[in-house]
Amino acid sequence: MAAGTAAALAFLSQESRTRAGGIGGLRVPAPVTMDSFFFGCELSGHTRSFTFKVEEEDDAEHVLALTMLCLTEGAKDECNVVEVVARNHDHQEIAVPVANLKLSCQPMLSLDDFQLQPPVTFRLKSGSGPVRITGRHQIVTISNDVSEEEESEEEGSEEEEAELCPILPAKKQRGRP
């Protein structure tokens with residue numbers, strides 16, 4: 001469970017880390033839950049693009065982790081270029097080709113959990129497909145519900161720590177160098 005929580009915290013934004021009580025502080029962060037759902041879409045001559053987006057009002061952190069792109073049944077031996085349109089660190093929209101699939105030489109490509117933040121649009125830039133894109137939609141939520149009991153326990157433990165005697169430096173013994 002501790003490894004799962006640590007992995008979940010790796011996906012949180014700075015704002016979420018602050019809400020959770022801080023990383024590396026002495027406070028125990030609010031409970032974190034991580035859900036993972038299968039994701040898949042298909043691009044073809046009929047459906048040349050697909051957009052993955054989440055609700056704006058959602059307080060959870062969403063990550064789309066892509067695992068594989070592959071040509072499926074009915075694909076021709078032609079170059080199929082798949083492009084991802086997303087936002088960079090400056091929140092500017094950028095388009096990047098991520099795969100060039102051809103039935104005779106590279107019918108599939110492993111992306112090893114290539115992580116993107118929604119909204120993300122996949123485009124079949126060239127070729128007729130069909131190209132299948134698979135991955136996981138990961139949702140990390142932080143529970144901000146802190147009961148009054150937990151708050152009073154935290155305050156009580158802080159008071160107990162304050163009542164402890166300070167550590168005094170050791171006294172030097174005479175006669176020893």
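## Strand pairing

Ser-49 stands opposite Arg-123 in strand E7. This is a predicted model, in which local features need pLDDT of at least 70 and side-chain atom pairs count only at pLDDT 80 or more, while totals for chains, interfaces and linings use all residues. Residues are numbered from 1 along each chain as its sequence is written, and side-chain values use heavy atoms, with hydrogens and water left out.

Strand E7 covers residues 120-126 and pairs with E2 in the antiparallel sense over four bridges. Strands are DSSP runs of E with at least two residues, numbered from the N terminus, and two of them pair if DSSP finds at least two bridges between them.

## The sheet

E2 and E7 belong to an open sheet of four strands, in the order E2-E7-E4-E5, with antiparallel pairing. Its edge strands, E2 (49-52) and E5 (93-101), each pair on one side only.

## Aromatic pairs

The count of aromatic pairs is three; rings of Phe, Tyr and Trp (its six-membered ring) pair if their centres lie within 6.5 Å, and planes under 30 degrees apart count as stacked, over 60 as edge-to-face and the rest as tilted. Phe-39 and Phe-52 form an edge-to-face pair, at 5.4 Å centre to centre and 75 degrees between the planes. Phe-39 is in strand E1 (residues 32-43) and Phe-52 in strand E2, 13 residues apart.

Phe-39 also forms a tilted pair with Phe-122, at 6.1 Å and 35 degrees. Phe-122 lies in strand E7 and Phe-39 in strand E1, so this pair ties together parts 83 residues apart in sequence. Both Phe-39 and Phe-122 are buried, that is, under 20% relative accessible area with a 1.4 Å probe, protein chains only. Ring pairs link Phe-39, Phe-50, Phe-52 and Phe-122 into a cluster.

Methods
Buried < 20%, exposed > 50% of the residue type's maximum accessible area, 1.4 Å probe, protein only.
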